[in-house]
Amino acid sequence: MDSPRCGAQEVGQSSGQTVYVPVYSHIFFGDRGATFNLATTLSIRNVDPVHTLSVTSADYYDSSGRLLRKYLDKPVVLKPLASNEIFIPESDTSGGFGASFLVRWKSEKPIARPIIECLMIGVRSGQGISFVSPGRVVQEIP
C-alpha cells in the first residue's frame, strides 16, 4: 500500500463551503494564567490554477458564539492563485480565547478547495510566538 507523501494533503473539489476557522486573540501562560495578546491574519487562498471563486462572507465571532463583525460588505472575487486577508490587531481582544471566523465561499463549478487559515503572532519584550490555525469545513454548499 502506498503511503501519502509527508505534508501532502488530499486534493478535493467543491463548488462552495462554509469553513470554521479557530482564532486566538490571546493565549494564557505562566502559573497565574497571564495573557499574551496576538495579532491575527485570516488568509483565504484560491489554489485553483484555472477558476475563480467568490468569498461571500467572513464573519467574526467571540468565545460565546456572538457575532462581533461582518468583514465583507459584498463578495470578494479571487482569481486563480489569488489570495485575500483580514487583519485583526493585537490590541483587539474582543474575540477572546475561543474566537472564530465563519467563511463562506462559492464558485460556478467544482474547483480545488481553497486554503483558509489564520496566522496568529505576538511579540513582547524580545519574546515571540506564532502559529497557524487551519480552517475546517462544516458545510458543503450545493
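Student: Why does leucine 81 count as exposed?

Tutor: In this predicted model, leucine 81 has 61% relative accessibility. Exposed means over 50%, so leucine 81 counts as exposed.

Student: Where is leucine 81 found, and what is its phi?

Tutor: Leucine 81 is in the loop between β7 (76–78) and β8 (83–88). Its phi is near 65°, a positive value in a residue other than glycine. Most residues other than glycine have a negative phi.

Student: Which phi does serine 125 have?

Tutor: Serine 125 has a positive phi of about 50°, although it is not a glycine. Serine 125 is found in the loop between β10 (115–124) and β11 (127–134).

Student: How do you know whether serine 125 counts as buried or exposed?

Tutor: Set its value against the cut-off. Serine 125 is at 75% relative accessibility, and exposed means over 50%. Therefore serine 125 counts as exposed.

Student: What makes aspartate 48 count as buried or exposed?

Tutor: Aspartate 48 lies in the loop between β4 (39–45) and β5 (53–61). Its relative accessibility is 5%. Buried means under 20%, so aspartate 48 counts as buried.

Student: Which residues is aspartate 48 in contact with, leaving aside its neighbours within four places in sequence?

Tutor: With those neighbours left aside, aspartate 48 is in contact with Pro80, Leu81, Ile111 and Ala112. The side chain of aspartate 48 also reaches the backbone nitrogen of valine 50, at 2.8 Å.

Student: Which residues have the most contacts inside the largest nonpolar core?

Tutor: They are Leu42, Phe101, Val103 and Ile116, in a core of 24 residues. The elements that give two or more residues to this core include β1 (13–23), β4 and β9 (99–112). β9 gives the most, with five residues.

Student: What does isoleucine 116 touch, not counting residues up to four places away in sequence?

Tutor: Among the residues that isoleucine 116 touches are Val19, Leu42, Val103, Trp105 and Pro134. In soluble globular proteins, nonpolar side chains tend to be buried together.

Note on methods. Residues numbered from 1 in each chain as written. Predicted model: local features only at pLDDT ≥ 70, side-chain atom pairs only at ≥ 80, totals over all residues. Heavy atoms only, no water. Helix = DSSP H or I, 4+ residues; strand = E, 2+ residues; numbered from the N terminus. Buried < 20%, exposed > 50% of the residue type's maximum accessible area, 1.4 Å probe, protein only. Contact = heavy atoms within 4.5 Å. Polar contact = N/O pair within 3.5 Å; in protein donor to acceptor, adjacent residues only side chain to side chain. Core = buried A, V, L, I, M, F, W, Y, C linked by side-chain atoms within 4.5 Å.
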